[in-house]
Amino acid sequence: MRNREIAELFYEAADILEYQQVEWKPRAYRKAAQMIENLGEDIEKIYAKEGKTGLTEIPGIGESIADHIAEYLETGKVEKFENLKGKAPSGTVELMEIRGLGAKKMKKLADALGIRTLSDLKNAIDTHRLRRLEGFGEKSEENLARAIEQYEKSHARIALGKALPLADEVISALKDQCESTGSKIDLSKIIYTGSLRRLKETIGDIDILAEADKGEALKVMNCFVSLPDVEQVILKGSTKSSVILREGIAIDLRVVPPESYGTSLQYFTGSKEHNIELRNVAIKNGYKLSEYGLYLKESGKQIAGSSEEEIYEKLGLAYIPPELRENRGEIKAASKNSLPKLIEAGDLRGDLHMHTEYSEGRDSLKTMIEKAEALGYEYIAVTDHSRSQKVANGLEIEKLKDQWEEIGELSKQFKIKILKGSEVDILRDGSLDYPDEILKELDVVVGAVHSGFALPERKMTERIITALENRYLDILAHPSGRLFGKREAYAVNFEKVFETAAANGKVIEINSQPSRLDLNDELILRAKNFDLKFCISTDSHSTKGLALMRYGLGQARRGWLEKEDVVNTYPYPKLKEVFKKHRPSQ
Ligand code: DGT
Ligand code: CA
Ligand code: CA
């Protein structure tokens, strides 16, 4: 599949055009790239079957973009993009990812100070050359220094949303490769381990474990290092190989024989802290635990190794799901058989946050509903943006009412329950972005902060608390406001927020967008100390987005949540009760 490669092409062109301050094209290219990336169908096949017409049927892809794709598939390059190369000094485009460093400023820095790399930039800040530049100054120098810190922090690790699909791809490519070499190696037992299997929000490197007999291990490794995406082979052995992929992402592959598969899976899933604790339990019980097996200490006889469940069982522990293995009390709980019964994908009955074409979604209301019904959901909430969200095409009251009408019509055609909702801005003073007579008519009001992120902690806390005390608000969306690599959580007193939410019966959202994961596991664990309910939502902007639930679910499981803690596991009547409780007028 070459979708990602083609998407990358448009992202790159967009960056350079943005640097040149071309107006709308970068946006169109990025949109197209996003579509291609998330298409789920092989774009090369579409083109082979249906030609250019097939391409233009993809939303976001018009004539000229389709021409570029066709050209690329035919010739391996796009002439127009070739000409762009070198139009932005190399390195500068990457730096534009730093918050507050748009194309205009970057160009100025490149032209006036010759800044090309991150270290150039840091150097210019350290020596205060930046503040002397027109349009910059002391304050912006400080801001930039802080933004760089954030950028570095987030770039050292990969977001889960990027690593997980990539690991899936590598695993399936490796299986194919092994089968097609003629050696017919059966790689049926292969799985990602490490922080990825624990669904941690960021990933240092991807770890993969496969089972193969000793005689075949090296063949598997040969397939691995020859995968097309491998840029550099760091190490190749018969039990462990390490490579770097094209995008700079590191992958470790370990191949172990069947009798060690379970213990290796346990060991390489980690976390390290969990493993150390577990090994202590083994020692106390007269065993020795390593990645190769579980042995009797005295005789050295192996008593477990092929399955992971067996290890926990032999150590007198309940099975601990990977998401809990962080040494946060799970081993003690497992020994007392008091682990939570974690929420599962099958428990979810609906999605309470999504956008349609009415605001900034890509798909129509009807298409979203069809897809949600196909996913087997019992209910969904349609929550386009409220009127102040001008950049996201927020709905004026008239348009919102049009939507209600359409929802009314569609409700007759579909079995799924469609809740009239809105993602309503929490304005600076904590009031909501629609008048009460509108809020009153909505089935679900999802409140969110979308502006004024820099308020001091006291102000921001007051603002959110005021919203939580509003009888019409039902759910607080993405409560911390952080965006991976772009924006840190705003300053807010979370304890006060959780306390107020609990006191007013409000639901706290776990947003599944890979760029958000908000709340994340740590905040969920803190929120759990208050008697409050959560929902897991996708905040989707297309039908494709509805599948992002797995990420929010992962955070919920890492936060020790059970089915009962999460309101979108409730049957519809029970869900309505939750929202009704704090809106006694209805
Ligand atoms: P990452 O890659 O930084 O996101 O985190 P992990 O957890 O994937 O760590 P990684 O890739 O260094 O190692 C994979 C697993 O191998 C780790 O979760 C536990 C195990 N492991 C690695 N080093 C040690 C160690 O020194 N002691 C023990 N007990 N386990 C280790
Ligand atoms: Ca790892
Ligand atoms: Ca590793």
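Into which domains is the chain divided? Let's take a walk through this predicted model, in which local features need pLDDT of at least 70, side-chain atom pairs count only at pLDDT 80 or more, and totals for chains, interfaces and linings use all residues. Residues are numbered from 1 along each chain as its sequence is written, chains are lettered from A and ligands numbered from 1 in the order in which they are written, and side-chain values use heavy atoms, leaving out hydrogens and water.

**View 1. The chain is divided into four stretches: domain 1 (3–155), domain 2 (159–256), domain 3 (273–335) and domain 4 (345–580).** These bounds come from an automatic or database domain assignment. Taken over C-alpha atoms, the centres of domain 1 and domain 2 are 29 Å apart.

**View 2. Asp205, Asp207 and Asp252 hold the calcium ion (ligand 3) as its protein donors.** Donors here are N, O and S atoms within 2.8 Å of the metal (3.2 Å for Na, K and Ca); water is not among the atoms, so sites may look incomplete. Along the chain, the donors follow the spacing D-x1-D-x44-D. Asp207 sits in strand E4 (residues 206–211) and Asp252 in strand E7 (residues 250–256), 45 residues apart, so this pair links distant parts of the chain. Strands (E, at least two residues) and helices (H or I, at least four) are DSSP runs, numbered from the N terminus. Asp205 also bridges to the calcium ion (ligand 2), 3.7 Å from ligand 3.

**View 3. Helix H14 (residues 272–284) lines up its buried residues on one face.** They are His274, Asn275, Leu278, Val281 and Ala282, and seen down the axis they fall within an arc of 115 degrees, taken from the directions from the helix axis to the C-beta atoms. The face turned away carries the exposed Lys272 and Lys284. Buried means under 20% relative accessible area, exposed over 50%, partly exposed in between (1.4 Å probe, protein chains only). Just after H14, Gly286 takes a positive phi of about 80 degrees.

**View 4. The largest nonpolar core has 59 residues.** Such a core is a set of buried Ala, Val, Leu, Ile, Met, Phe, Trp, Tyr and Cys residues joined through side-chain atoms within 4.5 Å. Ile464, Phe498, Phe534 and Ile536 have the most contacts inside it. Helix H18 (residues 397–413) gives the most to this core, with five residues.
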